[in-house]
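User: I have a new model open and would like to understand it one question at a time. Shall we start with the overall build and then zoom in?

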Amino acid sequence: MKSALLLGAILSLITASGFSQAQSADATKLYHRSLAATCANCHGTDGKGVVDGGMPLINNLTSEQMLTQLKAFKSGAREGTIMPQLAKGYSDEQLEIIANQLGKK
Amino acid sequence: MDRRHFIGQSAAALGMLAGFSGQARANLQKAEILVIGGGYGGATAAKYLRLFSNNTAKVTLIEPNASFVSCPLSNLVVGGSRTISEITSPYDNLSKRHGVKIIQDSVTSIDPVKKTVKLASGKTLPYDKAIVSPGVALMMNSIEGLAQANKAGVTLQAWKAGPETVALHKQLASMRDGGTFAISIPEAPYRCPPGPYERACQVANYLKQNKTKSKVLILDANQDVTSKGALFKKVWAEQYSGIIEYLPKHNVTAVDAKTKTLKFEVQDDIKADVLNLLPAMSAGEIAVKTGLANSNGRWVNVNFLNFESTAQKDIHVLGDSIQIAPAMPKSGHMANQHAKVAAAAIVAELSGWDVNPAPVLTNTCYSFVNEREVVHVASVHQYNTAEKTFKTVPGSGGLSPAPSTLEGVYAWGWAHNIWADSLG
Ligand SMILES: Cc1cc2nc3c(=O)[nH]c(=O)nc-3n(C[C@H](O)[C@H](O)[C@H](O)COP(=O)(O)OP(=O)(O)OC[C@H]3O[C@@H](n4cnc5c(N)ncnc54)[C@H](O)[C@@H]3O)c2cc1C
């Protein structure tokens with residue numbers, strides 16, 4: 001009985017942590033990819049824009065550089081046409097996820 | 001229970017869990033996903049289903065056209081500063097680079113109970129998930145005489161880019177100097193809010209250079225310009241003074257093809273030389289026919305977390321066909337964004353994961369006011385859990401202060417990048 005309870009406890013632990021953690025790690029990765037994909041219309045799939053396409057290329061930036069620029073657009077410190085307007089629509093946490101996803105590793 | 005037995009049971013239980021996870025993954029690999037319509041919504045969904053599933057999902061795209069012709073920038077073809085080949089892209093990269101199976105055909109019916117679709121060629125295909133992105137249908141019967149006039153080529157819509165886009169430019173080019181080009185706009189919502197006003201600018205730009213005695217008449221069923229109003233009006237006054245005439249609250253109700261006369265609800269008849277009549281619009285025909293258009297029989301209500309139709313399970317609807325969230329435009333940019341939310345949700349569902357509870361959408365829309373200068377409107381839409389819809393973020397988005405050539409460069413850049421993102 002005792003061990004059955006223990007088994008139940010372990011199973012629920014596995015479900016709540018180990019198993020669902022593995023699941024949620026993959027799911028979280030997918031959420032992050034889809035958030036970064038909101039930028040792809042203008043800056044290319046996975047941040048790889050059309051070369052000489054006329055749109056500023058972002059795939060030479062590190063994650064850190066990208067986040068600094070996104071935050072500067074959001075605060076108004078950096079001027080631009082569309083980016084200051086778009087950056088204001090994302091939370092700081094979302095901007096960080098985007099910079100981590102798209103920045104050069 | 002001894003220790004060995006306990007470990008055995010735990011292992012079995014773990015195996016069960018692993019089995020469950022394997023099963024979910026197997027669902028992702030086994031499921032037949034059919035994408036109906038290879039426009040901005042459908043093409044993007046097909047590609048991103050492959051990307052987000054690490055190339056494991058089985059994705060088939062059904063599209064009747066041999067290549068993709070972009071509506072964005074098609075107004076430049078009407079105005080004559082660009083050609084149709086410059087806005088045409090092939091479909092084959094979706095199969096070559098991303099493993100999407102492409103069938104060049106059109107869907108004639110969907111059976112949501114048997115979960116099958118029928119093609120014009122007669123074939124029937126089964127699906128586990130269907131993505132429907134057929135764009136808009138033009139409600140030709142909303143203007144008396146329009147269906148016949150359009151069939152005869154007396155009026156043109158050119159609102160689905162392709163042969164009519166080229167034909168409209170030809171009509172403009174062969175119009176007598178001193179003639180009138182009339183464009184009529186239905187009540188919102190319709191595909192691309194600023195599109196008709198951009199078109200008026202492109203036609204006026206052509207007339208300014210080629211037929212200086214001619215003019216453009218904008219007959220708008222709406223109370224006022226529906227998008228970028230102040231910017232367009234300033235351009236009309238400064239660049240096209242005496243060329244563009246704007247008449248709000250002018251709802252075309254009938255057309256006489258013989259005399260090229262337009263009739264209205266209230267106002268006197270108007271005659272014009274070139275008639276670019278845009279009727280009211282609804283969700284694409286296949287969506288309406290399948291019973292998906294449960295918003296006034298015109299647009300499709302969806303669950304904004306996964307873009308599943310509220311009328312039928314496992315049919316996800318994207319792009320212009322949906323009943324929009326507040327301040328969400330019917331644009332190509334937005335259709336591409338819908339597609340990514342839906343693709344991620346479908347991959348999650350088939351993997352046995354929770355669907356992302358906080359998706360985000362953006363929109364940017366550029367309008368050319370001549371062949372080089374552009375104005376934009378932009379917005380960011382975050383999912384609101386309490387209201388189960390997308391809401392624009394206060395303080396985000398906005399308009400250009402004035403037309404600029406820099407934005408002209410970005411507009412072409414946007415087009416090339418979105419074509420590559422959706423089809424490349
Ligand atoms: C003049 C003009 C200018 C525009 N400018 C802009 C702009 O600057 N920026 C912007 O973001 N948007 C712009 N738009 C709007 C944009 O074109 C649409 O919002 C976008 O195309 C919608 O995408 P969709 O996937 O819903 O439909 P579409 O892109 O129209 O794709 C629908 C596809 O479905 C296919 N289809 C239909 N029925 C079936 C069937 N039964 N079986 C199989 N396939 C089928 C069609 O062949 C078509 O390829 C403009 C539109 C116009 C007309």
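## Chains, ligand and single residues

User: Gladly! How many helices and strands does the secondary structure of chain A come to?

Analyst: Helices are DSSP runs of H or I with at least four residues, and strands are E runs of at least two, both numbered from the N terminus. Read from the N terminus on, the elements of chain A go α-α-α-α-α. The secondary structure of chain A therefore comes to 5 helices and 0 strands.

User: Before we go on, what pLDDT do local features need in this model?

Analyst: In this model, residues are numbered from 1 along each chain as its sequence is written, while chains are lettered from A and ligands numbered from 1 in the order in which they are written. It is a predicted model in which side-chain values use heavy atoms, leaving out hydrogens and water, side-chain atom pairs count only at pLDDT 80 or more, totals for chains, interfaces and linings use all residues, and local features need pLDDT of at least 70.

User: Thanks! What percentage of the residues in chain A is buried?

Analyst: A residue is buried under 20% relative accessible area, exposed over 50% and partly exposed in between, with a 1.4 Å probe and protein chains only. Chain A has 105 residues, and the buried share is 43%.

User: And chain B: what is its radius of gyration, and what would a compact globule have?

Analyst: Chain B contains 11 helices and 26 strands, and its C-alpha atoms fill a box of roughly 100 × 50 × 40 Å along the principal axes. The radius of gyration is taken over C-alpha atoms, and the globule rule is 2.2 Å times the number of residues to the power 0.38. For 424 residues that rule gives a value near 22 Å, which agrees with the radius of gyration of chain B, 24 Å.

User: Among contacts in chain B between residues at least 6 apart in sequence, what percentage joins residues at least 24 apart?

Analyst: Contact means heavy atoms within 4.5 Å. In chain A, residues 24 or more positions apart account for 52% of the contacts with a separation of 6 or more. In chain B, the corresponding share for residues at least 24 apart is 67%.

User: Now the ligand. Which residues surrounding it are the closest?

Analyst: A residue counts as near the ligand if one of its heavy atoms lies within 4 Å of it. The shell holds 34 residues, and the closest are G41(B), E63(B), R191(B), D320(B) and H333(B).

User: How far from an oxygen atom of the ligand is a polar side-chain atom of R191(B)?

Analyst: A polar contact is a pair of N or O atoms within 3.5 Å; within protein, one must be able to donate a hydrogen and the other to accept it, and residues adjacent in sequence count only if both atoms are side-chain atoms. An N or O atom in the side chain of D320(B) lies 2.8 Å from a ligand oxygen, and a polar backbone atom of K330(B) lies 3.4 Å from one. For the side chain of R191(B), the distance is 2.6 Å.

User: Which element of chain B gives the most to the shell around the ligand?

Analyst: Helix 2 (40-52), helix 3 (74-79), helix 10 (332-351) and strand 23 (360-368) of chain B each give two or more residues to this shell. The most, 3 residues, comes from helix 10.

User: On to single residues. Is S53(B) buried or exposed?

Analyst: S53(B) sits in the loop between helix 2 and strand 2 (58-62) of chain B, and its side chain reaches the backbone oxygen of R50(B) at 3.2 Å. Leaving aside neighbours within four places in sequence, S53(B) is in contact with L28(B) and V347(B). Because its relative accessible area is 4%, S53(B) is buried.

User: Which residues is N205(B) in contact with, leaving aside neighbours within four places in sequence?

Analyst: N205(B) belongs to helix 7 (residues 195-210) of chain B. At 9% relative accessibility, N205(B) counts as buried. Its contacts are Y240(B), N370(B) and E371(B).

User: How far apart in space are V288(B) and N370(B), C-alpha to C-alpha?

Analyst: V288(B) lies in helix 9 (residues 285-289) of chain B and counts as partly exposed at 34% relative accessibility. V288(B) and N370(B) are 82 residues apart in sequence, and their C-alpha separation is 37 Å.

User: Last one: what is phi of K388(B)?

Analyst: K388(B) lies in the loop between strand 24 (374-384) and strand 25 (389-392) of chain B, and is exposed with a relative accessible area of 62%. Phi is positive in this residue, which is other than glycine, with a value near 50 degrees.
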